[in-house]
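Visitor: I'd like a quick tour of this one. Can we start with the terms?
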Amino acid sequence: MADGEIRHPQKVREFFGPRAAHWEARFPDDGPAYAAGVAALDLRPGERVLDAGCGTGRALPALRAAVGARGTVLGADLTPEMLGAAVRAGRDASASLLLADASRLPVGDAALDAVFAAGLISHVPDPADSLSEWARAVRSGGRLVLFHPVGRAALAARKGRALTPDDLRAEPNLRPLLAAAGWELVRYADEENRYLAVAVRRGER
């Protein structure tokens, strides 16, 4: 694959599982960035939100604070060790944690108001399929945030790679991909200290 990311579910588990216990120690200053990413969802009290590929659950307390006690927060991840780290950090107090493939969500149609996905789109086997699955699960008018605490260039440099024109996270590639799945891209930022794409669910495809 052009961007060199790990996409096969088994490979994802093999990569992230052994790293789960010390994952946050590698990036100890990302907390405020996650809170800002959650803020872009513009959640309201009582809403239903999923953190797709929640990892150690860094976004879950901010999601819970946004929807309040009456809201619903779900955290889904493919890697048991990541969910275990989330529990050890006490983040299961903020959300119901699900061992689940974010491309095959265990929720009904239009069951959610929003999906937050941090660093996930580059790790799903079929991004178009995942975007369609999230559209299925989100009501018309609901929101999607694709987020990373650093921008594409900074992330590529961190991994010793160069950006390529076919990077699906680039706006010219992402916008039509989202549209084909039923989303409208309404906000896009690719800066040194964040990557943020906000989309709105637009009716039936």
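Guide: Buried means under 20% relative accessible area, exposed means over 50%, and partly exposed is in between. A110 has a relative accessible area of 38%, so A110 is partly exposed. Bear in mind that this is a predicted model.

Visitor: Where does A110 sit?
Guide: A110 is in the loop between β3 (96-99) and β4 (112-118). Its phi is near 55 degrees, a positive value in a residue other than glycine.

Visitor: Let's move to α3. Which of its residues are buried?
Guide: A33, Y34, G37 and V38. They are on the same side of α3, because they cover an arc of only 140 degrees around the axis.

Visitor: Why would residues three or four places apart point the same way?
Guide: Because an α-helix has 3.6 residues a turn.

Visitor: What's exposed on the other side of α3?
Guide: P32 and A39.

Visitor: What covers the buried residues of α3?
Guide: The cover includes α4 (60-67), β4 and β5 (138-148).

Visitor: New topic: R201. Buried or exposed?
Guide: Buried. The relative accessible area of R201 is 5%, and the cut-off for buried is under 20%. R201 is found in strand β7 (residues 194-201).

Visitor: What lies 2.3 Å from a polar atom of the R201 side chain?
Guide: The backbone oxygen of G203.

Visitor: Which residues is R201 in contact with, leaving aside neighbours within four places in sequence?
Guide: A135, V138, R139, S140, G141, G142, G182 and W183.

Visitor: Zoom out. How many helices and strands are in the chain?
Guide: Eight helices and seven strands. The radius of gyration is 16 Å, close to the 17 Å that the globule rule gives for 205 residues, so the chain is as compact as a globular protein of that length. The C-alpha trace spans about 45 × 40 × 30 Å along its principal axes.

Visitor: What percentage of the 205 residues is buried?
Guide: Buried residues make up 49%. The accessible surface of the chain is about 9,200 Å², and 54% of that belongs to carbon and sulfur atoms.

Visitor: And what share of the contacts with a separation of 6 or more comes from residues 24 or more positions apart?
Guide: Those residues account for 66% of such contacts in the chain.

Terms used:
Residues numbered from 1 in each chain as written. Predicted model: local features only at pLDDT ≥ 70, side-chain atom pairs only at ≥ 80, totals over all residues. Heavy atoms only, no water. Helix = DSSP H or I, 4+ residues; strand = E, 2+ residues; numbered from the N terminus. Buried < 20%, exposed > 50% of the residue type's maximum accessible area, 1.4 Å probe, protein only. Arc of directions from axis to C-beta. Contact = heavy atoms within 4.5 Å. Polar contact = N/O pair within 3.5 Å; in protein donor to acceptor, adjacent residues only side chain to side chain. Rg over C-alpha atoms; globule rule 2.2 N^0.38 Å. Areas by Shrake-Rupley, 256 points an atom, 1.4 Å probe, with all protein chains shown as cover.
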